[in-house]
Amino acid sequence: MELTAKDFIEYYKEIVSMIEKEKDYLCELDRKLGDGDHGVTMSIGWQAIDEKLEGELASEEDCGKINISVGKTFLSAVGSSVGPLYATGFLRGAKAVKNKSVVNDADLAAFWIAFAKGVKERGQAEVGDKTMIDTLEPFFIKLEESFDATADFPSAFAEGVVAGEEGMKSTKDIVSKKGRSSRLGERSIGAQDPGATSAHLILKSFQNFIEV
Ligand code: ADP
Ligand code: MG
Ligand code: MG
């Protein structure tokens, strides 16, 4: 498959509206585990990105530059722990699509693997710590393995999303070992991690975007 810079912009606009829809749900999850702001945090970041998408990025042809701007804008708009985490993801992804106005299957696989590995490197969380890494690590492992075997990006991505979703669901019944919710200890059992949830929603939106 091929995606253009315009497609990237369209996908990011889908995220902007998806986050507005899921804002209350993400805050509700964070009320059980943290300070209740995850939906607001994500909304602040994506609203700032939306301004760029409508403004200086509207006619940008370089997929790399679009993703650099998305990462930097998220970082400067968001004060909470996810600011540098997602920002690193988009900035690492940007390198995989640098100077490209059109990207192919291999570029997209490289983009998403770099995105997820970037977040992991930045946050230093392990699977089982009850963070967005519980979604992103099984996702990138499955994507990488499946794309290596088939070179078919859409199906490899879909398999990655399923693996990530299972990881997201697994956060419900485990104790948090990273971030604000780790202060709750055993009391963190019983609620799904908000960051694992937003990470899944971002991936799922991309799957929906490329499947239409
Ligand atoms: P804050 O806790 O600063 O209010 P948010 O509520 O926006 O930040 O985001 C909380 C989410 O951040 C958590 O649900 C978790 O998934 C994620 N998170 C926190 N620390 C880390 C980390 N070191 N690595 C990966 N994800 C993390
Ligand atoms: Mg929070
Ligand atoms: Mg906060």
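Author: Here are some notes on the backbone, the ligand shell and a helix pair. This is a predicted model, in which local features need pLDDT of at least 70 and side-chain atom pairs count only at pLDDT 80 or more, while totals for chains, interfaces and linings use all residues. Residues are numbered from 1 along each chain as its sequence is written, and chains are lettered from A and ligands numbered from 1 in the order in which they are written.

Reader: What is the phi of Lys-130?

Author: Lys-130 has a positive phi of about 70 degrees, although it is not a glycine. Most residues other than glycine have a negative phi.

Reader: Where is Lys-130 found, and is it buried or exposed?

Author: Lys-130 is found in the loop between α5 (105-123) and α6 (133-150), where helices are DSSP runs of H or I with at least four residues, strands are runs of E with at least two, and both are numbered from the N terminus. Lys-130 is buried because 29 other C-beta atoms lie within 10 Å; buried means 20 or more such atoms within 10 Å, exposed 12 or fewer, and partly exposed in between, with C-beta atoms placed from the backbone.

Reader: And Ala-151, buried or exposed?

Author: Ala-151 counts as exposed, with 11 C-beta neighbours inside 10 Å. Ala-151 lies in the loop between α6 and α7 (153-170), and its phi is also positive, near 60 degrees.

Reader: Switching to the ligand, which residues come nearest to ligand 1?

Author: Ser-80, Gly-123, Thr-131, Gly-179 and Gly-195 come nearest, out of 23 residues around ligand 1, a residue being near if its C-beta atom, placed from the backbone, lies within 6 Å. Two or more residues each are given to that shell by α2 (38-54), α4 (82-96) and α8 (194-211), and the largest share, three residues, comes from α8.

Reader: How do α5 and α7 pack?

Author: Their axes, which are lines fitted to C-alpha atoms over the stretch in contact, are 9 Å apart at an angle of about 20 degrees, with angles running from 0 to 180 degrees between N-to-C directions. That makes α5 roughly parallel to α7, the term for angles under 35 degrees, as against over 145 for roughly antiparallel, 65 to 115 for roughly perpendicular and oblique for the rest.

Reader: Which residues make the contact?

Author: Asp-105, Leu-108, Ala-109 and Trp-112 of α5 meet Phe-153, Ala-156 and Phe-157 of α7, contact meaning C-beta atoms, placed from the backbone, within 7 Å.

Technical notes:
Two residues are in contact if their C-beta atoms, placed from the backbone, lie within 7 Å.
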